[in-house]
Amino acid sequence: MFVAALTALSKWLAATSLSSTILTTGWIIPTLQTVHILCVAVLFSSAVLVDLRMLGVLQRDVPLSDVARRFLPAIWPILLVLLVTGGLLIVGEPRRSLVNGTFYLKMALLAVAIVLTSALQWSLASTPGFWDRDTGRRVAGGIAAVASILVWSGILFAGRWIAYTQAG
Ligand code: HEM
């Protein structure tokens with residue numbers, strides 16, 4: 001029932017003039033993919049740099065709150081560009097993503113990453129030393145940083161995997 005609705009939505013989207021323009025104008029899909037990938041590179045680097053600082057691997061001479069203030073705010077506008085470029089890629093070839101469990105795995109992981117990153121940004125904005133207060137906080141911060149790296153990596157993996165799991 002759900003799959004039937006998604007298949008119908010894909011068919012409707014594929015019949016729109018925007019979809020056929022995206023699909024038949026040779027440069028549009030490679031351009032959208034290029035912008036998507038450039039944004040992925042900046043977003044992933046920003047998030048993981050902060051995670052590695054939390055783990056004490058990088059930039060130990062700079063307070064965590066300074067590293068977070070430098071890199072985390074960039075994530076939100078970049079996510080917006082990813083949403084637009086990803087959305088247009090879906091309009092161009094709706095079936096590839098909308099009738100594909102891997103795409104929903106990617107979106108579920110993205111929701112987790114957004115919650116983790118917002119919580120980290122909010123905790124450090126309200127209390128700069130939040131994750132350094134005691135050993136328990138440091139361990140919890142390390143676990144959150146590892147979880148964040150794994151979740152962002154999972155999104156990258158799922159993004160690539162969509163191409164290999166599309167419905168026939
Ligand atoms: C914000 C919402 C997002 C949407 C709607 C979206 C949508 C898409 C779509 C439709 C594709 C093309 C898949 C295909 O047809 O093969 C794609 C590719 C990809 N996405 Fe996203 N995406 C989003 C965010 C992200 C994020 C946050 C990341 C990683 C941090 C990411 C990483 C990737 C990767 C690595 C690819 C593969 C690119 C390629 O092989 O050319 N995406 N995305």
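**Entry 1: the ligand**

I began with the ligand and found that 24 residues surround it, the closest being Leu 82, Gly 86, Leu 89, Gly 159 and Ala 163; a residue counts as near a molecule if its C-beta atom, placed from the backbone, lies within 6 Å of it. I noted that this is a predicted model, in which local features need pLDDT of at least 70 and side-chain atom pairs count only at pLDDT 80 or more, while totals for chains, interfaces and linings use all residues. Residues are numbered from 1 along each chain as its sequence is written.

Which helices supply at least two residues each of the shell around the ligand? I listed H3, H5, helix H6 (94-98) and helix H8 (135-165). By class the shell has 15 nonpolar, six polar and three charged residues, where Ala, Val, Leu, Ile, Met, Phe, Trp, Tyr, Cys and Pro count as nonpolar, Asp, Glu, Lys and Arg as charged, and the others, Gly among them, as polar.

**Entry 2: the whole chain**

I then looked at the chain, which has eight helices and zero strands; helices (H or I, at least four residues) and strands (E, at least two) are DSSP runs, numbered from the N terminus. The C-alpha trace spans about 55 × 35 × 25 Å along its principal axes. Of the 168 residues, 22% count as buried, a word used if 20 or more other C-beta atoms lie within 10 Å of a residue's own, with exposed meaning 12 or fewer and partly exposed in between, and with C-beta atoms placed from the backbone.

I also looked up the contacts with a separation of 6 or more, and residues 24 or more positions apart account for 80% of them. Two residues are in contact if their C-beta atoms, placed from the backbone, lie within 7 Å.

**Entry 3: H3 with H5**

Helix H3 (residues 28-54) packs with helix H5 (residues 75-92) at an angle of about 150°, and their axes are 9 Å apart. That makes H3 roughly antiparallel to H5. Angles under 35 degrees count as roughly parallel, over 145 as roughly antiparallel, 65 to 115 as roughly perpendicular and the rest as oblique; they run from 0 to 180 degrees between N-to-C directions, and the axes are lines fitted to C-alpha atoms, for helices over the stretch in contact.

The residues making the contact include Leu 32, Cys 39 and Ala 47 of H3 and Ile 78, Leu 82 and Gly 86 of H5.

**Entry 4: H4 with H7**

Helix H4 (residues 64-71) and H7 pack at an angle of about 125°, with their axes 10 Å apart, and H4 and H7 are therefore oblique to each other. Leu 64, Ser 65 and Ala 68 of H4 make the contact with Leu 120, Gln 121 and Leu 124 of H7. These residues divide into four nonpolar, two polar and no charged.

**Entry 5: two single residues**

Is Thr 102 partly exposed or buried? I found it partly exposed, with 19 other C-beta atoms within 10 Å, and its place is in helix H7 (residues 101-126). Leaving aside neighbours within four places in sequence, Thr 102 is in contact with Ala 158, Trp 161, Ile 162 and Thr 165. Thr 102 and Trp 161 are 59 residues apart in sequence, yet 6.9 Å apart in space, C-alpha to C-alpha.

Last, I checked Gln 59, which lies in the loop between H3 and H4 and has a positive phi of about 50° although it is not a glycine. Gln 59 is partly exposed, with 15 other C-beta atoms within 10 Å.
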